[in-house]
Amino acid sequence: MAEEISGSIGPIVLLGPPGAGKGTQAKLIAEKYGIPQISTGDLLRQHVKDATGLGLLAKDIMARGELVPDELLYDMVAQRLREADCKRGFVLDGFPRTAAQAGWLDAFLEHEFFEKSRDKKCLPIVIRIDVDYNDLILRLTGRRTCPVCGRIYNVHLQPPRVDELCDIDGSKLVIRNDDRPEVIRERLHAYEQQTKPVADYYQDKGRLVSVNGSLPAEQVSEQIFRVIESRAWGC
Ligand code: AP5
């Protein structure tokens with residue numbers, strides 16, 4: 001249930017490699033603070049499903065585990081951030097993923113988002129979820145997702161109560177197309193090459209906080225909530 005917080009929370013950015021738990025934690029943050037989760041992976045997968053122009057361009061790139069070119073993402077992200085539910089804040093999961101995307105986000109917030117907000121300017125809180133390589137592999141190969149409500153499970157680590165069925169709505173769980181071993185390797189490679197510099201970008205600005213993501217999900221959340229609550233209120 002959303003906490004009773006009247007003021008702005010501002011943008012929260014979750015960084016971390018594939019399988020670090022960004023989606024899992026973003027959902028918990030969204031629920032606790034009553035702000036939307038914006039996952040560029042989910043938005044892109046919806047475009048692929050709907051066979052939009054963007055979806056057709058992104059489909060094969062995502063299936064190979066590579067990053068979708070920056071310029072293809074900006075309109076999609078800008079449109080979502082302009083929606084009314086983002087006004088108090090939002091949690092970004094999977095964006096920015098290149099240093100260029102991080103620069104774009106700062107410019108967008110400065111020139112558009114904060115301009116329209118009546119509240120004080122809340123700079124993004126950037127939280128990197130750190131997890132060991134071997135744990136990432138176990139998490140990605142065991143992941144199952146509910147196609148209806150989006151809840152994320154793991155057959156090894158966070159299994160549903162009934163095998164392969166969602167606890168919430170009973171739907172048959174699905175395996176993501178990019179969770180095949182050869183694609184996982186490529187995604188981890190893309191992270192090392194293109195996304196690690198995003199952490200440096202925020203570190204240089206003194207805005208990066210790391211949490212230990214190898215702990216059980218509720219203990220990871222506790223760390224994240226502490227960071228948010230020490231930085232966001234009164235921003
Ligand atoms: P995206 O959907 O963003 O995938 P990702 O970054 O690879 O991250 P994942 O969703 O795989 O992992 P996660 O960190 O969210 O972990 P989760 O919570 O699911 O992107 C997919 C593709 O879209 C990209 O490859 C790219 O092509 C494209 N794309 C997206 N954004 C882009 C951008 N900005 N620029 C360019 N291209 C972009 O957890 C994983 C598993 O671990 C689950 O099974 C879960 O149950 C389990 N788990 C989670 N936490 C714990 C825990 N604490 N303990 C035990 N198990 C846990």
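**Close-up views of a predicted model**

**View A. R82 sits in the loop between α4 (70-81) and β3 (89-93).** This is a predicted model, where local features need pLDDT of at least 70, side-chain atom pairs count only at pLDDT 80 or more, and totals for chains, interfaces and linings use all residues. Residues are numbered from 1 along each chain as its sequence is written, and side-chain values use heavy atoms, with hydrogens and water left out. Helices (H or I, at least four residues) and strands (E, at least two) are DSSP runs, numbered from the N terminus. Leaving aside neighbours within four places in sequence, R82 is in contact (heavy atoms within 4.5 Å) with F108 and E112. From R82 to I61 it is 21 residues in sequence and 27 Å in space, C-alpha to C-alpha.

View B. Phi of A51 is near 50 degrees, which is a positive value in a residue other than glycine.

**View C. α2 packs with α4 at an angle of about 110 degrees.** The two axes are 11 Å apart; axes are lines fitted to C-alpha atoms, for helices over the stretch in contact, and angles run from 0 to 180 degrees between N-to-C directions. α2 and α4 are therefore roughly perpendicular to each other. Angles of 65 to 115 degrees get that label, while under 35 counts as roughly parallel, over 145 as roughly antiparallel and the rest as oblique. On the α2 side, T40, L43, L44 and H47 meet L73, M76, V77 and R80 of α4. Sorted by class, that contact has five nonpolar, two polar and one charged residues. Ala, Val, Leu, Ile, Met, Phe, Trp, Tyr, Cys and Pro count as nonpolar, Asp, Glu, Lys and Arg as charged, and the others, Gly among them, as polar.

**View D. α6 (residues 133-141) and α7 (residues 181-204) cross at roughly 135 degrees.** Their axes come within 11 Å, and the angle makes α6 oblique to α7. The contact brings together Y133, L136, I137, L140 and T141 of α6 with I184, R187 and L188 of α7. By class, six of these residues are nonpolar, one is polar and one is charged.

**View E. α1 and α8 cross at roughly 55 degrees.** The axes of α1 and α8 come within 10 Å, and the angle makes α1 oblique to α8. From α1, the contact uses T24, Q25, L28, I29, K32 and Y33; from α8, it uses A217, V220, S221, I224, F225, I228 and E229. Eight nonpolar, three polar and two charged residues make up the contact of α1 with α8.

**View F. The second largest pocket has a volume of about 310 Å³.** A pocket is an open set of points on a 1 Å grid over the protein atoms alone, where a 1.4 Å probe fits, with protein on both sides within 12 Å along at least five of seven lines; lining residues have an atom within 4 Å of a point. Grid points are joined across faces, edges and corners, and the volume is the space filled by probe spheres set on the points. The lining of this pocket takes in 15 residues, with T24, L28, R151, I152 and Q158 nearest its centre. α1 (22-33), β6 (152-154) and α8 (217-231) are the elements that give two or more residues to the lining; α1 gives the most, with four. By class, the lining has seven nonpolar, three polar and five charged residues.
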